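Below is a set of numbered remarks for a colleague who wishes to go through the coordinates with some care. Please read them beside the structure itself.

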Amino acid sequence: MVARNNFSTTLDSRVDASFSQRRKWLQRLGFTVLALATLATVTPILLIVIHIFSNGLPGISWQFLVEFPRDGMRSGGILPAVVGTVGLTLGTAVFSVPLGIGAAIYLSEYAVENRWTRAIRIAIINLAGIPSIVYGLFGLGLFVIFLRLGTSIIAGSLTLAIMTLPIIISTTEEALRAVPNSFRVVSISLGGTRWQTIRRVVLPQALPGILTGVVLGLERAAGETAPILFTVAAFYLPRLPTSVFDATMALPYHLFVISTQVPGMPIRIQYGTAVVLLTFVLLMNITATVIRSWARARRQW
Amino acid sequence: MKAGEFKEILITSLIKVCGFSAIIFVGMVFVFLIKEGAPAIFRVPLENFLQLRWYPIEDRFGILPLIGGSLVVTVGAAIFSIPLGLASAIYIAEVTPRWAREILKPLVEVLGGLPSVMLGFIGILIITPFLRNALSLPTGLTAFAGSLILGGMAIPTIVSVAEDALDAVPKTYQEAALAMGATHWQTIWRVTLPAAKSGVLTAVMLGIGRAIGETMTVMMVTGNAAVFPTGLGALFKPVRTMTATIAAEMGEVASGSTHYHVLFFIGIVLFLISLTVNLIAASVVFRQRKRAERILS
């Protein structure tokens, strides 16, 4: 009896040994495949960024940034497109930041979990998923035609603002919810009202998180083309906008135009425009990342 | 009433209005699409919509080739992006050390932030000429090129959402599996992934949703030929998607013409598709939350 037991144990452990050997190999193989897949997703990103910079930087000069396009955009600079994109981004911020933060405060600080709150959340998810070109159609239907704003910076900004809203709401809500409840309890127990608590305690604590979300939302707005196609973007308008009711050129649309619509476009200007757009977007991305890590390091809770 | 109280009430109601703005905007988007798109149904007979030719100059508004085009490009994108995206998410969430994760995830999210027009630009200059030579096609501007780039654009969404879902699986689950003698690999496949199933599913849905709705890149690299795709070979031919049709033609139509209303009608179709995809994704999320609450209570 004892002997048999011993025998079966050694057999078991031998089976175990080859089994665990196989499991180890399987695991190593699996991890290698996963690592290769990750490499396959990450490498193209780096290659694209490096490619654009290495081909575009030589074409960049101060003149390129501050001159008007000439000769049917085939020479000169891209000033109106740069100004247009900066203007549109700021315009988007004016509408979407207060609204988005307000909505996030409602969801995080006021709303109780009921059917309405759930409807709001579903609406936010849907807003985030609506194709950008559909926003373009909506902006055309509502702002350009119905409200008679025409193809103008204000129509484009409003369209982009609604598109950006879900990003700002969800990131801000996350930042607000991350503030520990004890902060609120202390403030309320000292006699602060709900709004005072939010204004003086919760918002300052959540500010870095909110800023990160706002910058990421605006980054998306700055790079979008489809929503501005029919609401603001001008094909070729070599002057600066004088009011918010003017149409304007914009960097993403300009890149689209010069890479598909204008024959005989010098490649130098195409890459140059791409570099400026990429720099604009990457700077916003880096800003968001820096704010986030700076806040994480500084946070005491 | 004291001034302070009045201010409090005013601010509370303002914030409430902001809170409900999302519902109002979704409603407004739908209303204005209907307002401009519904006339198409009355002006164009159904059999005109269901033909296989899109040729607006001759009043031929067959939207099937456009839906087919969107479908081919999206399926192609899904084939690339789902395995790559999920594999990357698993690798980043479960295998790499913390510091590598802090580098890899923001890097993938940079891809999500790259403007679509710039990826289209890269597509025109590099990817389509490469495909033409490598596969000896008459043109590189094909559904395949679109799928390739759209897949790339869906990946950040998939990685980001799926990684969050995997990361949210309680560590105790994995510790239990490891304590029972499972390898790290077995734990990932049999414990972590099944536990994060609904979040992973949401990631895939949102990624695909992004691919269906993408406009500029597909307009730039898919060749825009409105031909109804038949069979697998369609992947290597030019196609035209719903989104690209709207973007390319809306600038040139007269406001109020039949063509104009039909383009809005396509917008309604796109809106309904994204609504469906997102409602399914949302219901998965809500169901998961409910289950988690039940387990925890």
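1. As background, most residues other than glycine have a negative phi.

2. On confidence, it should be kept in mind that this is a predicted model. The predictor assigns the complex an ipTM of 0.89 and a pTM of 0.89, while chain B has an average pLDDT of 87, with 95% of the residues scoring at least 70.

3. As to the architecture of chain B, 12 helices and two strands are found, and from the N terminus on they follow the order α-α-β-β-α-α-α-α-α-α-α-α-α-α. The C-alpha trace of chain B spans about 75 × 70 × 30 Å along its principal axes. Of the 297 residues in chain B, 48% are buried, and among the contacts with a separation of 6 or more in this chain, 76% join residues 24 or more positions apart.

4. The largest nonpolar core contains 177 residues, and those with the most contacts inside it are B:A22, B:M118, B:I158 and B:A162. For B:A162, leaving aside residues up to four places away in sequence, the residues touched are B:G85, B:L86, B:A89, B:G199, B:V200 and B:A203.

5. Just after α5(B), B:S136 adopts a positive phi of about 40°.

6. How many residues of each chain take part in the contact between chain A and chain B? The contact involves 66 residues of chain A and 69 residues of chain B. On the side of chain A that touches chain B, the elements that each supply at least two residues include α1 (2-56), α3 (79-110), α6 (153-178) and α10 (267-298), and α1(A) gives the most, with 16 residues. By class, that side of chain A is made up of 47 nonpolar, 16 polar and three charged residues.

7. Is α9(A) largely enclosed by the rest of the structure or largely open? Nine of its 11 residues are buried, so α9(A) is largely enclosed by the rest of the structure. The buried residues of α9(A) include A:L251, A:Y253, A:F256 and A:I258. The cover over them is drawn from both chains, and includes α3, α8 and α10 of chain A together with α5 and α10 (216-221) of chain B.

8. A last point concerns A:R148, which is found in the loop between α5 and α6 of chain A. Its phi is near 55°, a positive value in a residue other than glycine. A:R148 counts as exposed because it has 8 C-beta neighbours inside 10 Å.

Notes. Residues numbered from 1 in each chain as written. Chains lettered and ligands numbered in written order. Predicted model: local features only at pLDDT ≥ 70, side-chain atom pairs only at ≥ 80, totals over all residues. Core = buried A, V, L, I, M, F, W, Y, C linked by C-beta atoms within 7 Å. Buried ≥ 20, exposed ≤ 12 C-beta atoms within 10 Å, placed from the backbone. Contact = placed C-beta atoms within 7 Å. Helix = DSSP H or I, 4+ residues; strand = E, 2+ residues; numbered from the N terminus. pLDDT = per-residue confidence, 0-100. Nonpolar A, V, L, I, M, F, W, Y, C, P; charged D, E, K, R; others polar.
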